[in-house]
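This report describes how the parts of one protein chain are arranged. Please keep the structure in view while reading.

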Amino acid sequence: MNPTIHSKLPNVGTTIFTLMSALSVKNNAVNLGQGFPDFSMNAELVQLVTDAMRQGNNQYVHMCGLLELREGLSKKIFDLYQSNINPDAEITITPGGTYAIYTALTTILQPGDEVIVFEPAYDSYIPNIEINGATAVTISLEYPTYTINWEKVQEKISPKTKAIIINSPHNPTGSIIKETDIQALRKIVNQYGIFIISDEVYEHLIFDQQQHLSILKYPDLLEKAFVCFSFGKVYHCTGWKLGYCVAPSDLMKEFRKVHQFNAFSCNGPTQFALSTFIEQKEPYTSLGTFLQKKRDCFHQLMKQTPLTPLPTFGSYFQLYSYENISELSEYDFAIMLTERAKVATIPVSAFYKSTADHKVLRFCFAKKEATLEEAANRLKNYFNALEDK
Ligand SMILES: Cc1ncc(COP(=O)(O)O)c(C=O)c1O
């Protein structure tokens, strides 16, 4: 007799990113679908990893992460957010931001609990909740600003609500939370005793002189929060899969119990390298300006196409509407553009569990100027050829 699996995630298939990337390769398309930079990362940081390996730093590091790196992070957090974080008790290095979010959810959730999730949502949130036997209660962000309607949040809170996930700057829309959102969040979490999972992997990718409102800035919110970050997004090294979680010591103690018997510890040489490199402020303080230039360059190039940009204030994503061009669903339009214009994107409907189809596609602009130019030219030629017919 063979054993059988009762799937913990019966409704999960291949992700849209895998699907669109495969379609992109098949069609020799420019891939603006998946969110990763196609330019080189900092050579000095690469050298520091090589040095760490050559110096023999190749064994397990501390379960909570290299202390020197946690100390560096604590200093950085104080500089940026004037928050005193104890590196020993309140920071844990994780194998990426996604893992930090998963571990935080696993730490707090019991079967039957509910978690408020805003849609469109980063694709790991809902499976991470469901694998813990809990339910994601979804609320759509208001189209086309993708802002939070706090009255809807109030309506969806129940005695089972355990947590709320906030993501700012937001993937896939590039929206950011404002001081009014912080006030509304404060009211809700205080009234109902709810945890906050704050996904801040794009903390530095913020444009137009906007400020990133980190939960780390608000001691009363931080008391109830797991705040999650990714080195991959800061240093253009998504393949390193290294991140961290910041939480008050009582929450972190429980977080570490879950982490201890899962990854236990993370890649060592990259932590040694980062513990030195983190002292340099310029690489992260200049990131917003660097990516804003890319966003603006992409905007300029895309003016040659009939696609309409939606505002983006952060992250490295830009949404474009094709509402005036086609009746096709987002999914079909994205496939059609990959096959015919040879440019891969992601349909925003893929970030919803509920059905939504506003006729918008997500483009990643964390690419070399030549890549952005090539994509815009291909789109321009494709749409021009349609007009000539
Ligand atoms: C909103 C959001 N959270 C988390 C992550 C994951 O970060 P990491 O690659 O460090 O797991 C991503 C990556 O795309 C993201 O967009």
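## A strand covered on both faces

In this predicted model, strand E8 (residues 243–246) is covered on both faces. Gly243 and Cys245 are buried on one side, and Tyr244 and Val246 are buried on the other.

Strand E8 also has a partner strand in E2 (residues 91–94), to which four bridges join it in an antiparallel arrangement. Within this pair, Thr94 has Gly243 as its bridge partner. Strand E7 (residues 225–230) is likewise antiparallel to E8 and is joined to it by four bridges; here Phe229 is partnered with Tyr244.

## The sheet as a whole

These strands belong to an open sheet of seven strands, in the order E2-E8-E7-E6-E5-E3-E4, and the pairing is mixed. E2 and strand E4 (135–140) are the edge strands, each of which pairs on one side only. On average, neighbouring strands of the sheet are turned by 20 degrees against each other, direction ignored.

An example of parallel pairing is given by strand E3 (residues 114–119) and strand E5 (residues 161–167), which share four bridges. Glu114 stands opposite Thr161 of E5.

## A helix across the sheet

Helix H3 (residues 67–81) lies across E2 and E8, and its direction makes an angle of about 120 degrees with E2.

## Nonpolar cores

The largest nonpolar core contains 103 residues, and Ile164 and Tyr235 have the most contacts inside it. Leaving aside residues up to four places away in sequence, Ile164 touches several residues, including Val115, Phe118, Trp150, Leu185 and Phe195.

Another core, of 24 residues, lies apart from the largest one; among its members are Tyr125, Ile197, Phe226 and Cys228.

Technical notes: Residues numbered from 1 in each chain as written. Predicted model: local features only at pLDDT ≥ 70, side-chain atom pairs only at ≥ 80, totals over all residues. Heavy atoms only, no water. Core = buried A, V, L, I, M, F, W, Y, C linked by side-chain atoms within 4.5 Å. Buried < 20%, exposed > 50% of the residue type's maximum accessible area, 1.4 Å probe, protein only. Contact = heavy atoms within 4.5 Å. Helix = DSSP H or I, 4+ residues; strand = E, 2+ residues; numbered from the N terminus. Pairing = 2+ DSSP bridges. Axes fitted to C-alpha atoms, helices over the stretch in contact; angles between N-to-C directions.
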